[in-house]
Structure formats: structure tokens, C-alpha cells
Amino acid sequence: MLELSGLVAGYGRRALAKLGHLQVKDGEAALLTGPSGAGKTTLLLAIAGLADVLEGHVQVAGRDMATLPARERDRHRGRHIGTIFQDLHLVPGLSALDNLLLAPFASGQRQDRARATELLTRLGLADRVHAGAETLSRGEAQRTAIARAMLIGPSLILADEPTASLDDESCETVLALLLDATRESGAALVIATHDSRVKARVSNIALVVAA
Ligand SMILES: Nc1ncnc2c1ncn2[C@@H]1O[C@H](COP(=O)(O)OP(=O)(O)OP(=O)(O)O)[C@@H](O)[C@H]1O
């Protein structure tokens with residue numbers, strides 16, 4: 001479950017984005033909307049503890065990301081938050097599968113190759129599991145990043161414009177997978193988007209305004 005209130009997010013002391021209240025129950029989804037430049041990405045990053053919270057509270061899996069010390073916040077994010085950002089951060093030279101396994105490898109956790117392969121397969125990437133990340137199309141790379149976010153079995157999934165570069169069919173596949181996986185796993189899902197195809201599918205919509 002995610003609950004945030006009176007959130008002002010930014011960098012350093014510079015406030016960039018505000019959101020009054022948002023609650024996303026386990027297994028449910030919400031959208032962050034707002035005009036371009038309103039600060040949706042900044043707000044999503046603040047929820048993940050990667051941008052600064054200047055005011056307010058962000059409860060994720062029972063802890064307030066706004067007040068956790070930096071190391072605990074990083075640990076909490078690693079255990080509970082799956083992120084899919086616009087810049088996908090896939091490592092070229094590594095396969096799609098190894099990109100999924102990189103984070104658990106780096107943090108000394110078990111690398112579940114079977115689950116990673118299953119997630120990639122469910123996202124329609126069965127024949128791209130061993131393909132180098134640099135050879136993936138934008139849509140394939142996006143689906144790989146979604147699979148990677150789901151690998152830890154997160155309490156919260158944060159997705160920044162996850163359908164932006166997808167055609168209608170891939171958009172539907174990705175959205176269905178995100179929403180189904182959210183329901184099945186009991187994670188809360190927050191999507192920042194302009195995409196009207198996504199707005200039609202999610203009723204919990206919160207407006208981000210520039211601070
Ligand atoms: N690291 C940063 N440091 C300072 N300002 C930043 C930083 N990143 C973004 N900004 C500024 O914060 C404002 C909000 O940007 P942000 O990307 O969060 O908006 P957005 O609503 O996600 O936009 P879009 O819909 O176009 O992706 C913009 O004015 C941007 O220039």
C-alpha cells in the first residue's frame with residue numbers, strides 16, 4: 001500500500017511538484033497526471049526516495065520514505081519498490097535476462113533465473129531472453145524493464161510513461177500485464193502518464209501540479 005499526503009517534491013531546496021493526497025491499496029493502481037513539466041517524474045522519483053521530499057509523507061510498506069535515513073531508504077527501495085523509468089537503464093552488452101538478474105547479483109541476493117525467464121516470456125519476450133539489451137527495440141526494452149521491476153515481488157511498482165513508445169497492441173499487453181501482475185501480487189501500482197489509453201483503464205487519478 002502507498003499513502004502520501006501533502007507531498008512537495010524537488011531537488012535540494014527547490015520545490016518542483018505538489019500532490020495533495022493519494023492512497024493506493026494493495027493490488028490496485030493509480031495514475032499521476034498533469035501537464036508536461038508539472039513534475040510527474042520528479043514526484044515519482046520522490047516516492048522512490050530518489051528525489052527530495054521537501055514537505056509531506058510517503059508511506060510505502062509501512063515506512064515513511066520522507067523521513068528514513070538515506071541508507072535505510074535505499075534498502076527499503078531495493079526490497080519493496082520496483083521502478084520503470086523513462087530512461088530504462090538497461091546495460092548494453094548484457095542479455096535481457098542478465099539485465100533482470102543484475103540487481104540481485106549486485107546486492108548479493110539469490111538470482112532466480114527461472115522466474116526472470118518466466119516474466120520475460122509472459123511479456124512476449126521468450127525469443128529475446130538471451131538477446132543483448134542493445135539489440136532490443138524500444139518496446140522490447142520497455143517490456144524488459146517492466147519484467148525487471150517485477151522480479152523482486154515489490155510492494156509498490158512505479159512506472160513513468162510505460163506505454164509511451166508502444167503501439168496499441170503492445171500498450172494493451174503491457175497495461176494488462178502491469179494491472180494483472182499488480183492484482184495477483186498484491187503490489188500497489190502508480191503510473192505517471194499522459195496516455196489516454198491508460199487513463200481509460202484506471203479510475204484512481206491524482207493531479208500533479210507545479211510547486
Ligand atoms: N534533476 C533536476 N534538477 C532540477 N530541475 C529538474 C530536474 N529534473 C527535472 N527538473 C525540472 O522539474 C520540472 C518538472 O519536470 P518533470 O520531468 O518532473 O515533469 P513531468 O511532468 O514528468 O514532465 P513530462 O510530462 O514532460 O515528462 C521541469 O521544469 C524540469 O526542468
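Some ground rules to begin. Residues are counted from 1 along each chain, in the order its sequence is written. Since we have a predicted model, local features need pLDDT of at least 70, side-chain atom pairs count only at pLDDT 80 or more, and totals for chains, interfaces and linings use all residues.

The scores for the model are ipTM 0.93 and pTM 0.91.

From the record, UniProt puts "domain: ABC transporter" at residues 2–210, in an unreviewed entry. UniProt positions follow the numbering used here, feature names are shortened, and annotations may be inferred rather than shown by experiment. In the model, that span is 36% helix and 27% strand, and its end C-alpha atoms lie 21 Å apart. When I say helix or strand, I mean DSSP runs numbered from the N terminus: H or I with at least four residues for helices, E with at least two for strands.

Now, the sheet. There is an open sheet of 5 strands, ordered β6-β7-β8-β3-β9, with parallel pairing. Its edge strands are β6 and β9 (205–207), each of which pairs on one side only. Neighbouring strands here are turned by 20° against each other on average, ignoring direction. For pairing, DSSP has to find at least two bridges between two strands.

Let's look at both ends of that order. At one end, β6 (residues 81–84) runs parallel to β7 (residues 156–160), joined by 4 bridges; Gly82 has Ile157 of β7 as its bridge partner. At the other, β3 (residues 29–33) pairs with β9 in the parallel sense over 3 bridges, and Thr33 sits opposite Leu207.

Which way do the residues of β6 point? Ile81 and Thr83 go one way, Gly82 and Ile84 the other, and all are buried. Buried means 20 or more other C-beta atoms within 10 Å of a residue's own, exposed means 12 or fewer, and partly exposed is in between, with C-beta atoms placed from the backbone.

Lying across β6 and β7 is helix α5, at about 175° to β6. That angle is on a scale from 0 to 180 degrees between N-to-C directions, with axes as lines fitted to C-alpha atoms, for helices over the stretch in contact. Helix α5 (residues 138–150) has 13 residues and spans 19 Å from first to last C-alpha, close to the 18 Å expected, that is, 1.5 Å times one less than its number of residues. Of those 13 residues, 11 are buried, including Arg143, Ile146 and Met150. Their cover includes β6, α3 (96–106), α4 (113–122), β7 and α6 (168–185).

In α3 we find Leu102, which is partly exposed because it has 16 C-beta neighbours inside 10 Å. Leaving aside neighbours within four places in sequence, Leu102 is in contact (C-beta atoms, placed from the backbone, within 7 Å) with Val91 and Leu94.

Most residues other than glycine have a negative phi. Ala61, in the loop between β4 (52–60) and β5 (63–64), has a positive phi near 50°. Glu161, in the loop between β7 and α6, has a positive phi of about 45°. Glu161 counts as partly exposed because it has 19 C-beta neighbours inside 10 Å.

Note on methods. Contact = placed C-beta atoms within 7 Å.
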